Each structure stands twice: as C-alpha cells, then as structure tokens.
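I will write down what I looked up in the order in which I looked.

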Amino acid sequence: MKIFKIFFPLLLIVLLSGCSGSQKEGPKLGKYTNENNSFSYLLLEDNNSFKLFFSVESSYIGIGNYKIEGDKLILSDEGKKDDVKVYTFTIDKDKLIFNNGDYAEKFFKKGTEFKYEKDSK
C-alpha cells in the first residue's frame, strides 16, 4: 500500500506533464558518461526509465523512472521498496550536470558533467 501511495502520485505527475504542450524537448535517449570517470554513466531508456551506474567501487545500480521539469531531469530510483532515492540533473544540450542526490553524492560532486555518447543508442 505504501508503494501505491508513492508510485501513483509520481505516475500522475508524469502523465499530466506529458500532456503539456509547452514542455521543452528532453534529453536524448542513450548513454551519458561521467567526464571524470568513464565507469560511471547514466542510461536513459524508452518509457522514461533509467539505469545509473555509480562506480566500479559500488555494486549498486540505480534503476527507476525519470521525469523532466523545465531544464531539470529528475530520477526516482525505486531500487528498494521503502527507500526511493531521487537524483537531479540540469539538462544542458548534450550534457547532464549533476545537482544532487543522497547516495550519488558519495561518487559525484555537484557540477559533475555527464556527456552524451553519440553512438550509444
């Protein structure tokens, strides 16, 4: 029941924001690699899903859904049932700039850039 209370409002927000005609085009689907550490990258996939690989030092992979609010990419990592982690990036053309996110801050500093790999899709 707790998951429903968390997931349903997020789903509603995603669906309603998809109906807005004034929304900017979001980031391209594919792989965005951390410019400081090529073992750290973000995969944006179809259906607004993602996978975030933090480091070779971490076996944890962030998996969940993303939404776009203005120039912000917001990832909701639903890896653990009662522990949803949120990571925020700024969209800047073919780059995603890390802003914040509890677990990710162990591996990336604010301002870390993830660059789109053209042949990644």
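Predicted model: local features only at pLDDT ≥ 70, side-chain atom pairs only at ≥ 80, totals over all residues.

**Entry 1: one residue as a starting point.** Asn 99 belongs to strand β7, which covers residues 95–100. Leaving out residues up to four places away in sequence, I found that Asn 99 touches Lys 72, Thr 88, Phe 89, Thr 90 and Lys 110.

I then asked how the rings of Phe 108 and Phe 114 are placed. Their centres are 5.1 Å apart and their planes stand at 80 degrees, so this pair is edge-to-face, because planes over 60 degrees apart are counted that way. Phe 108 has a relative accessibility of 2% and therefore counts as buried, and Phe 114 is buried with a relative accessible area of 0%. Ring pairs join Phe 89, Phe 108 and Phe 114 into a cluster that also includes Phe 54, Tyr 60, Tyr 87, Phe 98, Tyr 103 and Phe 107.

I also looked for charges over rings, and noted that the charged end of Lys 85 sits over the ring of Tyr 103, 6.0 Å from its centre. Lys 31 lies over the face of Tyr 41, at 4.2 Å from the ring centre.

**Entry 2: the strands.** Next I traced how the strands are arranged, and found a closed barrel of eight strands that runs β1-β2-β3-β4-β5-β6-β7-β8 with antiparallel pairing. On average, and with direction ignored, neighbouring strands of this sheet are turned by 30 degrees against each other.

I followed β3 (residues 49–53) to both of its partners. It is joined to the antiparallel strand β4 (residues 61–69) by five bridges, with Phe 50 having Gly 64 as its bridge partner and Ser 49 having Asn 65. Five bridges also join β3 to strand β2 (residues 41–45), again antiparallel, and there Leu 42 stands opposite Leu 52. In the hairpin of β2 and β3 there are three residues between the strands, and Asn 47 takes a positive phi near 60 degrees. Four of the five residues of β3 are buried, so the strand is largely enclosed by the rest of the structure.

**Entry 3: the nonpolar core.** Last, I asked which residues have the most contacts inside the largest nonpolar core. This core has 21 residues, and the answer is Leu 42, Leu 44, Leu 73, Leu 75, Tyr 87, Phe 89 and Leu 96. At least two residues of the core come from each of β2, β3, β4, β5 (72–80), β6, β7 and β8, and β6 gives the most, with three. For Leu 44 I looked up the contacts beyond four places in sequence, and among them are Pro 27, Leu 29, Tyr 32, Phe 50, Tyr 66, Leu 73, Leu 75 and Leu 96.

Definitions and conventions. Residues numbered from 1 in each chain as written. Heavy atoms only, no water. Contact = heavy atoms within 4.5 Å. Phe/Tyr/Trp six-rings, centres within 6.5 Å; stacked < 30°, edge-to-face > 60°. Buried < 20%, exposed > 50% of the residue type's maximum accessible area, 1.4 Å probe, protein only. Lys NZ or Arg CZ within 6 Å of the ring centre and 35° of its normal. Pairing = 2+ DSSP bridges. Axes fitted to C-alpha atoms, helices over the stretch in contact; angles between N-to-C directions. Core = buried A, V, L, I, M, F, W, Y, C linked by side-chain atoms within 4.5 Å.
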